[in-house]
Amino acid sequence: MPHMVDISIVIPLKNEQNNVMALYRELTSALATQDKSYEIIMIDDGSTDQTFKILKEIHEKDKKVKVIRFKKNFGQTAALSAGFNLARGEIIITMDGDLQNDPNDIPLLLERLDEGYDIVSGWRYKRKDPFISRRLPSMVANYLISLITKVRLHDYGCTLKAFRKDVIKNINLYGEMHRFIPAIASWMGVSVTEIKVNHRPRIHGSSKYGISRTLRVFLDLLTVKFLLSYSTKPIHIFGLIGLIIGGIGFCFAVYLAFIKLVYGYNIGNRPLLLLAILLIIIGVQFITIGLLAEIQTRAYYELQRKPTYVIQEMLE
């Protein structure tokens, strides 16, 4: 059984060659103030620059730093999932590798965990990002996520978070779902809190996020809502939708039958008849196919224990 440590820091990276060394120095300096054992897990998510080379140099000098290298870019959720699987810490802390998260906020996260919380989420209170392309979509997303999941946080997108091991080890991540961890974990009855953290402007490199990502986040939000509210009673949502669509088709069919039987009108060549049949079929089958596809996808990954990433190299 692997030796446990107090803290595991999990950091996904992609093309951050100019930030990696500075991040490592700041991180080790901040952790040195804590009387706790730690490990740093850095995941190279398909970088095409010198990021992995620098990570390898850091690992050779400091064996507390473990490095995972993906064969290609699988995304931040997959990178975090790989880090969680390798982590040995009783407490797991996630953060970005672009130096916008401040490692000096880590002691604040740990203090709140000591108060009895299971998850402490960072809130970039004074965010240093462009308003239109980054902050505005994030504000909309945070409002929708809080509204739909009933777990109200100001900043779901902040990667700087702290988790107790038993919380994060029981969550399987897909798509862009890393941002929904507090909401997903709430289903387990865990306690979640939020603290204001320092957010710094990006100096080197470019952001990996854009407005297009908002659409993917919204789709994942629908999945999270289903998992939180209807995973054990899917008929409540899919049956309702099916009844509405099929009910409209049935009403059309009843209307056509009425004018056929009472007034003797010919309904065989009416487009409304085809629409009625189509709606009934859709109400019964179309949404159900989506449900079966969702179940099949999750069964494929979870029953086979198949990860959503492929590791090319690991240094530990």
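Trainee: Which ring does the charged end of Arg-69 sit over?

Mentor: Good place to start. This is a predicted model, and in it the charged end of Arg-69 sits over the ring of Phe-52, 4.3 Å from the ring centre.

Trainee: How many aromatic pairs does the structure hold?

Mentor: There are five aromatic pairs. One of them brings Tyr-125 back: Trp-123 and Tyr-125 are edge-to-face, 5.1 Å centre to centre, with 90° between the planes. Phe-258, Tyr-263 and Tyr-265 make up one aromatic cluster.

Trainee: Is Tyr-263 buried or exposed?

Mentor: Tyr-263 counts as exposed, because its relative accessibility is 52%.

Trainee: Now to charges. What lets two charged side chains pair?

Mentor: Side chains of opposite charge can pair when their charged atoms come close. Here the count comes to eight salt bridges. Among them is the bridge between Arg-88 and Glu-39, whose closest N and O atoms are 2.9 Å apart. This pair links distant parts of the chain: Arg-88 is in the loop between helix H3 and strand E4, Glu-39 is in strand E2, and they are 49 residues apart. Glu-39 is buried, with a relative accessible area of 1%, and Arg-88 counts as buried at 17%.

Trainee: Which residue forms a salt bridge with Asp-102?

Mentor: Arg-200 does, with the closest N and O atoms 3.8 Å apart. The two residues are 98 residues apart, Arg-200 in the loop between E7 and H8 and Asp-102 in the loop between E4 and H4. Asp-118 and Arg-164 also meet in a salt bridge, at 3.7 Å from N to O. Asp-118 lies in the loop between H4 and E5 and Arg-164 in strand E6, so this pair ties together parts 46 residues apart in sequence. Through shared partners, salt bridges join Glu-26, Asp-102 and Arg-200 into one network.

Trainee: Where does Leu-99 lie?

Mentor: Leu-99 lies in the loop between E4 and H4. Its phi is near 70°, a positive value in a residue other than glycine. Leu-99 is buried, with a relative accessible area of 14%. Asn-15, not a glycine either, has a positive phi of about 55°, and Asn-15 sits in the loop between strand E1 and helix H1.

Notes. Residues numbered from 1 in each chain as written. Predicted model: local features only at pLDDT ≥ 70, side-chain atom pairs only at ≥ 80, totals over all residues. Heavy atoms only, no water. Phe/Tyr/Trp six-rings, centres within 6.5 Å; stacked < 30°, edge-to-face > 60°. Buried < 20%, exposed > 50% of the residue type's maximum accessible area, 1.4 Å probe, protein only. Lys NZ or Arg CZ within 6 Å of the ring centre and 35° of its normal. Helix = DSSP H or I, 4+ residues; strand = E, 2+ residues; numbered from the N terminus. Salt bridge = Lys/Arg side-chain N within 4 Å of Asp/Glu carboxyl O.
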